[in-house]
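Please read them beside the coordinates.

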Amino acid sequence: MLRRVSDDVTEALRAEQQRFEAALAEVNDADALYELQVQFIGKKGSVSKLRGRMGKLAPEERKAFGMAFNEVKKAIEASLEGKHRAIKTLQREADLGRFEDLTMADTMSPVGSIHPVTRTRRQLSRVFRKLGFDVVDGPHVEHELYNFDKLNIPADHPARDMQDTFFVNGPAGETDSNLVLRTHTSPVQIRTMLGRKPPIRIVAMGTVFRKDDDPTHSPMFHQIEGLCVDEHVTMADLKTTLYRFVGAFFETDLKVRLRPSFFPFVEPGAEFDMECPFCPKDDAGAKLPDCGVCKGSQWVELGGAGMVHPKVLQACDIDPQEHSGWAFGFGIDRMAMLLHEITKLGLLFDGDARFLEQFPC
Amino acid sequence: MLISRQWIESLMSPAGGETMSDEAFGDAVTSLGLEVEGVTRFGDDLRTVVVAEVRGIEPHPNADKLRLVDVFDGERTIKVVCGAPNVPESGGKIAFARLGSVLPGGFEIGAREIRGVHSEGMICAEEELGIGPDGDGIMVLPSDWQPGTPLPEAVPGIADTIFELGITPNRPDALGHVGVAADLAVKLGRSLQPPDASLADVPAAEGLVSLEAPQRCGRYIGRTFEGAQVGDSPLWMRVRLHRLGLRPINNVVDVTNYVLMLWGQPLHAFDRAKLSEGRVVVRLAADGEPMTTLDGAELKLAASDLVIADAQRPQALAGVMGGQDSGVEAGATTLLLETAWFEPGFVRASARRHGLNTDSSYRFERGVDFGARLQGACATAEQLLCTLAGARVTGGVEVGGQVPPTPTITLREARVLALLGMAIPRAEIHRVLTGLEISLEPAGEAAWRCIPPTHRPDLTCEEDLIEELLRHYGLDRLPSTPSLPSEPPGMRVDPGQRAADATARLEDAVLDAMRAENLQEVLAFAFTDPADLEPFGVPADRTVKVTNPLRMQTSVMRTHMMPGLLRAGSVNVARHARAVRLCEVGRIYDWPEASQTFDGATAEVDALLPRERRRAAFFLCAGSREAAAYSGSSAATIAASVLSRLGARAAIRPARPAASWLHPGVQARVEVDGVAVGEVGEVHPDLMAQFDFPEGVRGYYGELWLESLRADHVARHQALPRFPSTSRDLSLEIPIRTPASAVTDALARAEAKAEHAQDGPRLAQGDTAGGAIEIVEDYRGAGVPEGHRALLLRLHYRAPGRSVTDDEVQALHGAVVQAAVAALCADVPSIRVR
């Protein structure tokens, strides 16, 4: 019996299929699988080539061969697809089998931080802006006219001894330049009153200098000072503003107390204390006496305050009969130390990274 | 100043009702503005120390220097071993600490065997009881004192509470007990009971005092005494002075100190026998005239110093300190007592000139009374010199010069309300002011004409009187009723404020950006060591110098931010092994060469001030274990990131001229829109050594100049590209030291100058993250000539409204490269396209 061409081709087809199945068993990654796909059913694949021989078949044989070809090709495609899925599953399992020890992650890299004094300045500035104050600053090197004279601290008056002053040489080295490193932020009051007309509501914040250096005094430190000049401004207004400030700053209701005192640029003058916000409390919320900040007195001294002295207003061309004003001031460094429980002033200025990194937020 | 509660109480009418606690007393004093800074209670532990009588003395059987004393303590006779040489004869009185007494310092008196003899109790010296400085011998008490009397009863002042007051410079009246008592009496509703202020009636001592400088001495009372016996003061006086921190010296000097503490009036007693011609002249010193003070200091006087001279030479620097020659010592019998008022400003000037700050100058420069209290002080001293030193007043004279005018102040009730926001009842106004010895008479409706007493030089205007009312009425009565600002805050836009706000926002933004770069903010001192600033190129005569620095290390205002950061960095490297990443926002100071111009109300003063510029700076330094963690590029990247957070795109360009404080090969300038805004680079190794960094440790630095930056960048939206970009690569061979920025700048310039079709392709940000011109590779090695590198660049092209064709991109790219390379080769001929 004559062997038909179609039998040969079909046989070759079956042989390729078997070869494919054998090769497929060896494959276990996606790249090899793709290669296999190309090798057998790609454009020039060994199976695809067999299809080209269909033209040599008798027309009656073509149908049977065509069916056989499609059957084989589909089977191969199905195997490829199955293998593909199996590989994916294996890959996924392998991927999920990974382990990484995250407990060894670097959590100690240096983290940026803002200095506690700056942080406190910002907090103060936020609160006072909310209370309707503009925030201003001025030069660090000041003229005695603004640092003393116009603040009713005349030359050769003992009130100048209240602040140990650094003097500054003039541009030609002259030592009688009348320049100083500002001893307080009060010259900014003068600058503001000279430059603006009432109503004035400002806080001046910044660096000040005094010739003092011991464990509790730094020759450079920071102050904030508030000034309000308007018609009908009273000392009661001052007390109320201070009360609102401490309440807003510590976010709790704290009493404010004034005690008479003397600052040459205010009259009447006072020191102001706030109710201690740092006292430890018992479970019922009652204050315990062993407070390291107020030492059980319930009060924390904050700073000085008073009604702007008429001579100061006059020195700034403001008529004290038409306008009145109040001012207050206190130290920012101490406030920062209280807030962050910093025990040594020196830590603020020597820049030890181990100190700074404690204030990352 | 220290005050004795007992003494204050004795100067006021008795309190009704219960005795105030020391705490309440202190609170009352503080409420007057005389701040209590410390309280010490003395003498309660001395109630078991009693007056005792010596009944017999015999030698100690086993010790030469000890004796056995029979002591009668009012109840029984006790045998006590005593080592003091000055035990009085039988019948003499001593202070005896009974068995069980606990003396100051916690020393408990028990029964003891002393060299084989039983002893119960102790005969005491002043020092052992903490009531005086004398520890050389035991106290011998007046022989008429009653045995058994507790010592604190026999000597007032032993049991007392001492308050330390911080007296502000406006209150010279409170620098004596009378002044404090006067103020307190008004507060407590009691009345002042001042000591007798009348002077003995004596013949006028003509020529005793010549006042040649009446403008400097407003009043001078001279009183002469004879027959004085200089010796120890009585125990009560010694105790009182000791409690108030003064050392008893002799009865005459002690009297002047006692009166100082009582009236706040400094006095001076001269040994009149030592005064040439027995008289004094109040005159200005001759320039250079010598004087030796009581404590032996040699002064060279100035022509504006006021002196109390005798007929020949200065015997005291007026109001400051007496002279050595005429001081009262043992043996003096004739005295001249000076009670005077000297002009405050000049006393202060003299005290400062000669570096003498005395109890006397302290009071005179603040202003003592020239009225009733001055005379009271003189009277008390006179009386005490007579009773305690046995002196006789023989004559007196008073001369007067210029005293400050006494102001007349109108006080309006309406003004009280307007200033305080609180009305004070009229009766209270009356009570307080008259209580403070302010005379007042009605001046129209609800107003008074007031004349303050001469001991209150601080009361010069209406507000001063209102403060007096407030002090006494109570600051705790101020109500909580604020007056509202006449305009809602935030509605006013002051141009100066706008600038201040912008500056503050910029500083905040830069600092936050630096923190985001994991930098830690430090605060360095604004002044530094001149040596630290030498490398930074500001000539010494342009630096701002502190006239009176604490130390050389803080004597000049910084002209650069780097020294402060290096100092902190160096401290850190010495203390630990971590990486150091520090930053600071601060100011630098100098005298600019060109004068600055200012406007506004403060321009005149501003023109006299040095320039202050703001800088944001940072410093990086790897910890010792990770030496290679940073490079100059780290600093450049941080600077660029910080700027990007301000909305500015940084360009890092070669530094011209190079900064001498940075490594010559590792530094650059930071630019925004072609304007220099900072510098970055590696800290010069010499500087690292100068600041004591260990050898081999490299530091990196960057700074931004805040005056050149602005906050509040408002980003403007640009339409997203709708068509893909196309890129062309370019490989250039350039010398290693030719900055890449020179190449990219040349390409950008060439592209800008090239011809462009209206809607044709342009060099533009591509679809990758880099810019329009990306540096893909910086290759050095095989195939590149010595000293050169190959820069592989990728240029991105895009047309805004359409897809571009390869041909048009190729045409543009070719033109750009050709022009750029031609331009580059003009400077550096070895540059070529690979």
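1. Is D508(B) buried, exposed or partly exposed, and how many other C-beta atoms lie within 10 Å? D508(B) is partly exposed, because 17 other C-beta atoms lie within 10 Å, where a residue is called buried at 20 or more such atoms within 10 Å, exposed at 12 or fewer and partly exposed in between, with C-beta atoms placed from the backbone. The residue is found in helix α14 (residues 495-516) of chain B, helices being DSSP runs of H or I with at least four residues and strands runs of E with at least two, numbered from the N terminus. D508(B) and V585(B) are 77 residues apart in sequence, while their C-alpha atoms are 9.1 Å apart in space.

2. On provenance, this is a predicted model, in which local features need pLDDT of at least 70 and side-chain atom pairs count only at pLDDT 80 or more, whereas totals for chains, interfaces and linings use all residues. Residues are numbered from 1 along each chain as its sequence is written, and chains are lettered from A and ligands numbered from 1 in the order in which they are written.

3. Chain A has eleven helices and ten strands. Its radius of gyration, taken over C-alpha atoms, is 43 Å, well over the 21 Å that the globule rule gives for 361 residues, so chain A is more spread out than a compact globule; the rule is 2.2 Å times the number of residues to the power 0.38. The C-alpha trace of chain A spans about 140 × 55 × 45 Å along its principal axes, and 40% of the 361 residues count as buried. An automatic or database assignment gives chain A domain 1 (5-99) and domain 2 (116-356), and the centres of these two domains, taken over C-alpha atoms, are separated by 88 Å.

4. Chain B has 21 helices and 41 strands. The radius of gyration of chain B is 42 Å, well over the 28 Å from the globule rule for 834 residues, so this chain too is more spread out than a compact globule. Its C-alpha atoms fill a box of roughly 130 × 85 × 60 Å along the principal axes, and 44% of the 834 residues count as buried. The domain assignment of chain B includes domain 4 (409-473) and domain 5 (497-708), whose centres, over C-alpha atoms, lie 56 Å apart.

5. Where do the chains meet? In the model, 75 residues of chain A are in contact with 85 residues of chain B, contact meaning that C-beta atoms placed from the backbone lie within 7 Å. The largest share of the chain A side, seven residues, comes from α8(A). That side divides into 37 nonpolar, 19 polar and 19 charged residues, with Ala, Val, Leu, Ile, Met, Phe, Trp, Tyr, Cys and Pro counted as nonpolar, Asp, Glu, Lys and Arg as charged, and the others, Gly among them, as polar.

6. The largest nonpolar core has 160 residues, of which W326(A), V510(B) and A639(B) touch the most other members; such a core is a set of buried Ala, Val, Leu, Ile, Met, Phe, Trp, Tyr and Cys residues joined through C-beta atoms within 7 Å. Helix α8 (residues 235-250) of chain A gives the largest share of this core, eight residues. A second, separate core of 84 residues includes M1(B), F270(B), L284(B) and L335(B). Leaving aside neighbours within four places in sequence, V510(B) has contacts that include V585(B), A616(B) and L706(B).

7. Five of the five residues of strand β16 (residues 267-271) of chain B are buried, so the strand is largely enclosed by the rest of the structure. β16(B) pairs with strand β23 (residues 335-342) of chain B in the antiparallel sense over five bridges, pairing being assigned where DSSP finds at least two bridges between two strands. Within β23(B), L336(B) is the bridge partner of F270(B).

8. In chain A, three strands form an open antiparallel sheet in the order β2-β4-β3. β2 (141-143) and β3 (167-168) stand at the edges with a single partner strand each, so one side of each is left without a neighbour in the sheet. Three bridges join β2(A) to strand β4 (residues 179-181) of chain A, and L179(A) in β4(A) is the bridge partner of H143(A).

Notes: Two residues are in contact if their C-beta atoms, placed from the backbone, lie within 7 Å.
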